[in-house]
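Hello,

Here is the structure for you to look over. My notes on its salt bridges follow below.

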Amino acid sequence: MRIAMPTRSVLVRSIQAFAAVAAFSALTACETPQQAPTGLTDLTERPAERALMGAMRAYDDADYPAVERQANEAMKLGLRSPRDLATAHKLRAFVYCTSNRLAACEAEFRAARAADPAFALTHAEAGHPVWGPVYLKSRQ
């Protein structure tokens, strides 16, 4: 049985949104006059953030063992942004749900919300037949 995953365009938009938020955050951060602003290239040179991007690419390629490895690595290396940490937990939740590890999936959704209280799945993600119900349960 093949589980329907979000379309490539949804994931591409998610990556683009991540890049835009990272760039905006870097550009609007308080900085001293002698400091150059942090750019997207700077962010992706950080090992944890690079591992998260690898997890996102692996997810897009449906390489779920690599998603789990890369997300684990990103968390181990210390993601700086609460939103990035929530994304790593979300990716692991998706992997756990697709491999029928529903309790672990629910725990990852809870961990995502603990990392970033504003965490929420998109409407399309929340409507997924496998992890949608687990996500709703995790919000109770």
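Glu106 and Arg110 join their side chains in a salt bridge, with N to O at 2.6 Å. Keep in mind that this is a predicted model. Both residues sit in helix H6 (residues 102-115). They are 4 residues apart there, so about one helical turn separates them. Glu106 is buried, at 13% relative accessibility. Arg110 is partly exposed, at 36%. The pair also belongs to a network of salt bridges that links Glu106, Arg110 and Lys137.

Next, Lys90 and Glu125. Their closest N and O atoms are 2.9 Å apart, in a salt bridge. Lys90 lies in helix H5 (residues 82-98), and Glu125 lies in helix H7 (residues 123-126). The pair therefore ties together parts that are 35 residues apart in sequence. Are these two residues, Lys90 and Glu125, buried or exposed? Both are buried. That puts each of them under 20% relative accessible area.

Then there is helix H4 (residues 64-77), with Glu73 and Lys76. Their side chains meet in a salt bridge at 3.6 Å, N to O. The two are 3 residues apart, so the spacing is about one helical turn. Glu73 is partly exposed, with a relative accessible area of 32%. Lys76 is exposed, at 65%.

In total, the count comes to 6 salt bridges. Those described above are among them.

Best wishes

Methods:
Residues are numbered from 1 along each chain as its sequence is written. This is a predicted model: local features need pLDDT of at least 70, side-chain atom pairs count only at pLDDT 80 or more; totals for chains, interfaces and linings use all residues. Side-chain values use heavy atoms; hydrogens and water are left out. A salt bridge is a side-chain nitrogen of Lys or Arg within 4 Å of a carboxyl oxygen of Asp or Glu. Buried means under 20% relative accessible area, exposed over 50%, partly exposed in between (1.4 Å probe, protein chains only).
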